[in-house]
Amino acid sequence: MERLSSAAIIPDSFIGARDDIFMQFWLVWNMIKEPLIIPLLRMAVAMCLVMSVMIFAERLYMGVVIILVHVFGRNPEKRYKWEAIKDDVELGSSNYPMVLVQIPMFNEREVYQLSIGACCSLTWPSDRLIIQVLDDSTDPTCKAMVERECQRWAGKGINIKYEIRDNRTGYKSGALKEGLKRSYAKNCDYVAIFDADFQPEPDFLTRSIPFFVHNPNVALVQARWRFVNNNECLMTRFQEMSLDYHFKIEQEVGSSTHAFFGFNGNWTAGVWRIAAINEAGGWKDRTTVEDMDLAVRASLKGWKFVYLGTLQVKSELPSTFKAFRHQQHRWSCGPANLFKKMVMEIITNKKVSVWQKVHVIYSFFFVRKIIAHIFAFFFYCIVLPATILVPEVTVPKWGGVYIPTIITLLNSVGTPRSIHLVVFWILFENVMSLHRTKATIIGILEFSRVNEWIVTEKLGDFLKNKVGAKAPKKFRLNIGDRLHFLELAVGCYLFFCACYDFVFGKDNYFIFFYTQSLAFFIMGFGYVGTIVPTS
């Protein structure tokens with residue numbers, strides 16, 4: 001058989017351009033564009049529009065519910081029986097239930113004194129309160145400092161216990177689980193949990209415990225976080241905007257309608273009924289969101305949750321980009337992985353109503369924890385820019401402009417004081433959606449980093465005490481740590497699409513693409529957060 005000539009399998013135009021790599025690429029692009037690229041892109045646009053409508057409907061529903069809650073005054077004190085615990089002359093302090101306060105920590109050199117001091121200052125009979133410091137620190141110096149602090153408070157008459165382990169099995173959930181096994185903890189009715197940077201007000205227990213005493217079906221009372229460093233830099237302002245929406249809207253809606261919401265990202269600033277923890281199976285370390293895992297399992301047992309938005313606990317936001325990325329990986333990967341592990345258990349559960357199942361599966365998990373992350377990145381950073389390169393595929397104005405604008409405005413209502421930053425916030429959130437999407441996919445498919453746990457770094461009063469001083473050596477990163485190549489790659493893609501749209505486009509999307517690419521470049525080169533690392 002005669003050998004086939006190149007002309008028989010390669011178009012003449014391609015042969016003529018074989019010495020020009022750019023022309024070859026252009027010809028290959030035109031060859032696959034019609035049969036492959038256009039159908040795939042149209043499918044991607046359709047999927048993004050469906051996800052956009054799902055998110056819009058969810059945000060609109062929560063907006064209506066929160067308005068009704070405020071109009072009709074459906075605050076927790078009206079939905080549940082609440083009466084302050086009063087001193088009894090005959091019973092004395094025994095009228096108060098036994099409360100255990102757990103403070104898990106790991107090398108918390110900068111903040112350990114804040115949480116220990118605040119917890120030891122709680123207003124509660126001293127003989128009915130036990131402070132338990134669960135120190136998993138690997139730094140001997142830090143452990144010695146924490147132990148001395150505990151001894152100092154013990155010298156003031158506070159019943160405080162300093163507990164350590166030989167290993168870090170289960171990380172914080174493992175420490176909390178071990179803490180509940182102590183003999184003195186078995187005499188307690190309730191357990192309050194505060195991370196090392198959280199500082200409860202003295203009246204925290206007197207305002208939260210009565211919900212348990214008078215409502216035997218309540219398993220959890222969750223307080224709202226108040227951020228002590230929200231004005232530290234733009235990144236902390238943006239975090240405040242996102243978390244304020246979570247607390248003021250999402251948590252309030254879940255508590256008001258289904259008496260369910262996820263125990264907060266660090267399982268902190270809340271009080272649990274120990275009997276509910278035990279009935280739900282205790283702390284488990286199968287995901288990086290053991291707090292959410294416990295909350296879902298307790299809700300499936302029929303327990304109710306109370307979100308108390310007026311009860312606020314001071315806490316610290318991550319103020320370095322590295323710490324924030326690690327935190328967001330855990331908060332995005334964990335829920336997706338938990339959803340995969342529990343969806344069938346939720347569906348087959350017999351103790352909760354169909355509507356509560358729908359709320360947990362569709363609203364709480366699917367839309368908020370999976371769709372919201374994937375949509376933000378793929379639509380704004382991949383699909384929409386791709387339609388500029390393929391003009392045969394268009395995005396309707398309602399899907400590309402109107403619905404996203406309404407969603408953005410609804411998301412920003414939680415922090416009115418920062419409404420002027422909403423554009424910058426959206427650009428920042430779109431960059432972070434890259435990491436959240438990656439983490440969500442890792443959680444669903446259970447890739448290698450699915451159980452990665454890196455403690456969120458806290459600075460405490462370091463910056464206040466070091467005004468004018470240079471950053472310590474631990475913040476000096478090499479060039480490999482400072483450059484974030486995924487952000488830079490997406491930034492280059494958006495910049496190219498912006499230039500193409502500026503020259504050939506008609507919809508003026510290049511304005512958004514240029515600004516979004518700039519946001520990716522700024523974060524890709526590490527110029528974000530309180531401390532800008534130097535190579």
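Helices (H or I, at least four residues) and strands (E, at least two) are DSSP runs, numbered from the N terminus. Keep that in mind as you select elements by name.

This is a predicted model, in which local features need pLDDT of at least 70 and side-chain atom pairs count only at pLDDT 80 or more, while totals for chains, interfaces and linings use all residues. Residues are numbered from 1 along each chain as its sequence is written, and side-chain values use heavy atoms, with hydrogens and water left out.

**Whole chain**

Show the chain as a cartoon. It has 19 helices and seven strands. Of its 535 residues, 56% are buried (buried means under 20% relative accessible area, exposed over 50%, partly exposed in between, with a 1.4 Å probe and protein chains only). Take the contacts with a separation of 6 or more: residues 24 or more positions apart account for 81% of them (contact means heavy atoms within 4.5 Å).

**Stop 1: helix H7**

Select residues 171–180. Seven of these 10 residues are buried, so H7 is largely enclosed by the rest of the structure. The buried ones are Lys172, Ser173, Gly174, Ala175, Leu176, Gly179 and Leu180.

**Stop 2**

From E4, step to Phe194, in the loop between E4 and helix H8 (204–214). Phe194 is buried, at 0% relative accessibility. Leaving aside residues up to four places away in sequence, Phe194 touches Val101, Gln102, Ile103, Pro104, Cys119, Pro200, Phe204, Thr268, Ala269 and Val313.

Pick Ala269 from that list. Ala269 lies in the loop between helix H9 (234–257) and strand E6 (270–273). Ala269 is buried, with a relative accessible area of 0%. Check its backbone too: phi is near 65°, a positive value in a residue other than glycine.

**Stop 3**

Next come the helix pairs. Two packed helices are described by the angle between their axes and the distance between the axes. Axes are lines fitted to C-alpha atoms, for helices over the stretch in contact, and angles run from 0 to 180 degrees between N-to-C directions.

Select H12 (residues 321–347) and H15 (residues 422–445). Their axes come within 7 Å and cross at roughly 40°. That makes H12 oblique to H15 (angles under 35 degrees count as roughly parallel, over 145 as roughly antiparallel, 65 to 115 as roughly perpendicular and the rest as oblique). The crossing is right-handed (left-handed if the near helix is turned anticlockwise from the far one by less than a right angle, right-handed if clockwise). Show side chains at the contact. On H12, they include Phe321, Arg325, His329 and Lys340. On H15, they include Phe428, Met432, His435 and Arg436. By class, the contact has 10 nonpolar, seven polar and three charged residues (Ala, Val, Leu, Ile, Met, Phe, Trp, Tyr, Cys and Pro count as nonpolar, Asp, Glu, Lys and Arg as charged, and the others, Gly among them, as polar).

**Stop 4: Glu446**

Find Glu446, in the loop between H15 and helix H16 (462–465). Its phi is near 55°, a positive value in a residue other than glycine. At 37% relative accessibility, Glu446 is partly exposed.

**Stop 5: H19 and its partners**

The axes come within 9 Å and cross at roughly 60°. That makes H15 oblique to H19. H15 passes H19 in a right-handed crossing. Contact residues include Ile426, Phe428 and Met432 of H15, and Phe512, Ala519 and Phe520 of H19. The class count is 10 nonpolar, three polar and no charged residues.

The axes of H13 and H19 come within 12 Å and cross at roughly 140°. H13 and H19 are therefore oblique to each other. This crossing is left-handed. Tyr380, Cys381, Leu384, Pro385 and Ile388 in H13 meet Phe512, Phe513 and Phe520 in H19. Those residues divide into eight nonpolar, no polar and no charged.

**Last stop: Lys506**

Select Lys506, in the loop between helix H18 (485–504) and H19. Lys506 is exposed, with a relative accessible area of 78%. Pro391 is 115 residues away in sequence and 9.7 Å away in space, C-alpha to C-alpha.
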